[in-house]
Amino acid sequence: MHITLESDYAIRIILCLARRGRRTDAGTIAEITGVSLRFALKILRNLVGSGMVRSFKGIQGGYELNHDPADITLKDILEVVEGEYHLSRCLGGECCNRPDKDDAACKVQKVFGDISRTVQEKLDAVTIAQLL
């Protein structure tokens, strides 16, 4: 199990903006992070839409963080790209489609829920500032 490439790239992009500490154009972000320009622009659109990043148009345009790096967590970034983390899809609001909805299935769901909360807490405890 691993995070998606898009999530990995989103973290790289946020780290790039935090390290630079100034407005940076998409081409430079793509070059520094090793993300293709097209994919970087897609991710940047999502990050701007979430309010995590600001975009500026024109000759002096580019992107910059909209929050202090100490206020951005790994969980925040991953949720922009992936949505809320759940170990099992049965925890993400999808109905259980098992024909044998017995106690054993519910016990597994409880364990998966506990693991999901632990992962969410760990991701929420790591800020971008800590990774700089």
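A crossing of two helices is called left-handed if the near helix is turned anticlockwise from the far one by less than a right angle, and right-handed if clockwise. Everything below comes from a predicted model, in which local features need pLDDT of at least 70, side-chain atom pairs count only at pLDDT 80 or more, and totals for chains, interfaces and linings use all residues. Residues are numbered from 1 along each chain as its sequence is written, and side-chain values use heavy atoms, with hydrogens and water left out.

**View 1. Helix H1 meets helix H4 in a right-handed crossing.** H1 spans residues 5–20 and H4 spans residues 74–82; helices here are DSSP runs (H or I, at least four residues), numbered from the N terminus. Their axes come within 9 Å and cross at roughly 130°. Axes are lines fitted to C-alpha atoms over the stretch in contact, and angles run from 0 to 180 degrees between N-to-C directions. H1 and H4 are therefore oblique to each other (under 35 degrees is roughly parallel, over 145 roughly antiparallel, 65 to 115 roughly perpendicular, and the rest oblique). On the H1 side, look for Glu-6, Ser-7, Ala-10, Ile-11 and Ile-14; on the H4 side, for Leu-74, Ile-77, Leu-78, Val-81 and Glu-82. Contact means heavy atoms within 4.5 Å. By class, seven of the residues in this contact are nonpolar, one is polar and two are charged. Ala, Val, Leu, Ile, Met, Phe, Trp, Tyr, Cys and Pro count as nonpolar, Asp, Glu, Lys and Arg as charged, and the others, Gly among them, as polar.

**View 2. Helix H2 packs against helix H3 at an angle of about 110°.** H2 covers residues 26–33, H3 covers residues 37–50, and their axes are 9 Å apart. That angle makes H2 roughly perpendicular to H3. The crossing is right-handed. Ala-26, Gly-27, Ile-29 and Ala-30 of H2 touch Leu-37, Ala-40, Leu-41 and Leu-44 of H3. This contact has seven nonpolar residues, one polar and no charged ones.

**View 3. H1 also packs against H2, with axes 10 Å apart.** The angle is about 110°, which makes H1 roughly perpendicular to H2. H1 brings Arg-12, Ile-13, Cys-16, Leu-17 and Arg-20, while H2 brings Thr-28, Ile-29, Ile-32 and Thr-33. Five of these residues are nonpolar, two polar and two charged.

**View 4. The largest pocket has 15 lining residues.** A pocket is an open set of points on a 1 Å grid over the protein atoms alone, where a 1.4 Å probe fits, with protein on both sides within 12 Å along at least five of seven lines; lining residues have an atom within 4 Å of a point. His-2, Ile-3, Leu-78, Glu-82 and Tyr-85 lie nearest the centre. H4 gives the most to the lining, with four residues. The lining divides into six nonpolar, five polar and four charged residues.

Definitions and conventions
Helix = DSSP H or I, 4+ residues; strand = E, 2+ residues; numbered from the N terminus.
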